[in-house]
Amino acid sequence: MIYRILGGLAVGAASVTAPAYVSEVTPASMRGRLSSIQQIMIIVGLTAAFLSNYLLAASAGASTNAFWLGYEAWRWMFWIEMVPATIFLLALLAIPESPRFLVVKGCDAQAEGVLTRLFGAETAASKVKEIRATLSDDHAPKFSDLMDKATGKVRTIVWVGIGLATFQQLVGINIVFYYGAVLWQAVGFSESDALLINILSGSLSIVACLAAIALIDRIGRKPLLIIGSAGMAITLGIMAVAFSSGSLVDGQLVLSDNAGTIALISANAYAALFNFSWGPVMWVMLGEMFPNQIRGSGLAVSGLAQWLSNFGITMAFPIMLVSIGLAGAYGFYALCAAISVIFVYKMVKETRGKELEEMEG
């Protein structure tokens with residue numbers, strides 16, 4: 001548990017800094033596409049983990065059986081994470097520092113050097129001046145900048161960021177990722193079949209992310225969020241209805257063949273819709289919607305809200321499973337998805353095509 005906490009701190013830090021970094025080294029014309037790659041890499045990583053887990057469990061006979069060196073297969077599922085973590089560490093040593101961070105620290109010459117490498121010498125000098133103009137002259141960025149000096153209240157843009165981060169979790173996506181195998185075993189699939197379904201869901205999610213990359217800089221962020229919210233509300237509702245038709249046999253939920261098929265199709269459609277919209281777009285929005293002065297602190301607060309919501313939803317699911325059942329749990333997620341349509345329509349402003357120096361808050 002101690003090392004899972006350490007890993008969680010590391011993943012939490014990476015999830016906040018990665019979208020900020022990508023948005024700060026990317027031109028506005030392609031920022032949405034490149035920022036969306038983060039979600040594809042998340043799904044690729046998850047799918048690789050699902051495949052690795054499946055192969056380890058299949059080789060050992062079951063996840064709880066002894067495997068290499070006499071240790072259970074599920075322990076090797078954790079230890080194999082050291083491979084991508086090491087690759088990530090070494091790769092980070094080769095990337096340049098964010099030019100906007102360098103300007104914040106007063107290292108304008110270094111920032112111009114990075115921008116020259118990225119965009120050419122002609123653009124670099126003017127871009128440094130633009131970045132400098134968006135920062136306060138009297139102090140470096142700090143958390144108190146999240147407050148509106150005129151009203152003394154938290155800026156509206158910060159609440160929008162927190163809302164985006166929270167709704168991304170309230171639709172229940174991580175229940176599919178964290179409890180995928182448990183969920184499908186609960187409706188009658190074997191452990192082997194459940195792990196294979198996870199691989200299928202991950203593969204479909206990658207395709208959905210690719211579709212998002214193709215469209216995000218063409219039709220914008222807001223339309224994708226609305227389409228995704230509406231689609232997830234429908235598919236989650238269908239799943240809730242399918243689960244409500246099941247019956248308990250020896251404490252396990254059993255579905256008819258038709259209901260099981262409908263639930264499986266809806267679940268994969270739901271995962272694809274999430275990764276077509278809220279999966280990549282939320283991180284794109286958080287990486288670019290805040291003004292330079294509060295981008296780091298705004299993203300940090302929003303990232304905290306995202307992971308707190310992630311923790312709450314994850315911890316609540318087993319309780320919901322034994323109290324209101326799968327139908328009730330998925331009904332709740334469907335309601336949250338429906339509410340998110342209204343939130344995006346009313347509160348979120350389009351950022352497509354805007355330079356980071358044009359963002360207002």
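Student: Which residues touch the most other members of the largest nonpolar core?

Tutor: In soluble globular proteins, nonpolar side chains tend to be buried together. In this predicted model, the largest nonpolar core has 55 residues, and L164, W278, Y330 and Y333 touch the most other members. Helix 12 (residues 221-244) supplies the largest share of this core, with 9 residues. Another core, of 9 residues, lies apart from it; L102, V103, L115 and L135 are among its members.

Student: What is L164 in contact with, leaving aside its neighbours within four places in sequence?

Tutor: L164 is in contact with L225, W278, M282, M285, M289, F343 and V348. Of these partners, W278 was named above, together with L164, for touching the most other core members.

Student: Is R100 buried or exposed?

Tutor: Buried means under 20% relative accessible area. R100 has a relative accessible area of 7%, so R100 is buried. This residue is found in helix 5, which covers residues 99-104.

Student: Which residues does R100 touch, not counting those up to four places away in sequence?

Tutor: R100 touches E24, K127, I131, N292, R295, L356 and E357.

Student: How many residues apart in sequence are A13 and G303, and what is the C-alpha to C-alpha distance?

Tutor: A13 and G303 are 290 residues apart in sequence, while their C-alpha atoms are 8.6 Å apart in space.

Notes. Residues numbered from 1 in each chain as written. Predicted model: local features only at pLDDT ≥ 70, side-chain atom pairs only at ≥ 80, totals over all residues. Heavy atoms only, no water. Helix = DSSP H or I, 4+ residues; strand = E, 2+ residues; numbered from the N terminus. Buried < 20%, exposed > 50% of the residue type's maximum accessible area, 1.4 Å probe, protein only. Contact = heavy atoms within 4.5 Å. Core = buried A, V, L, I, M, F, W, Y, C linked by side-chain atoms within 4.5 Å.
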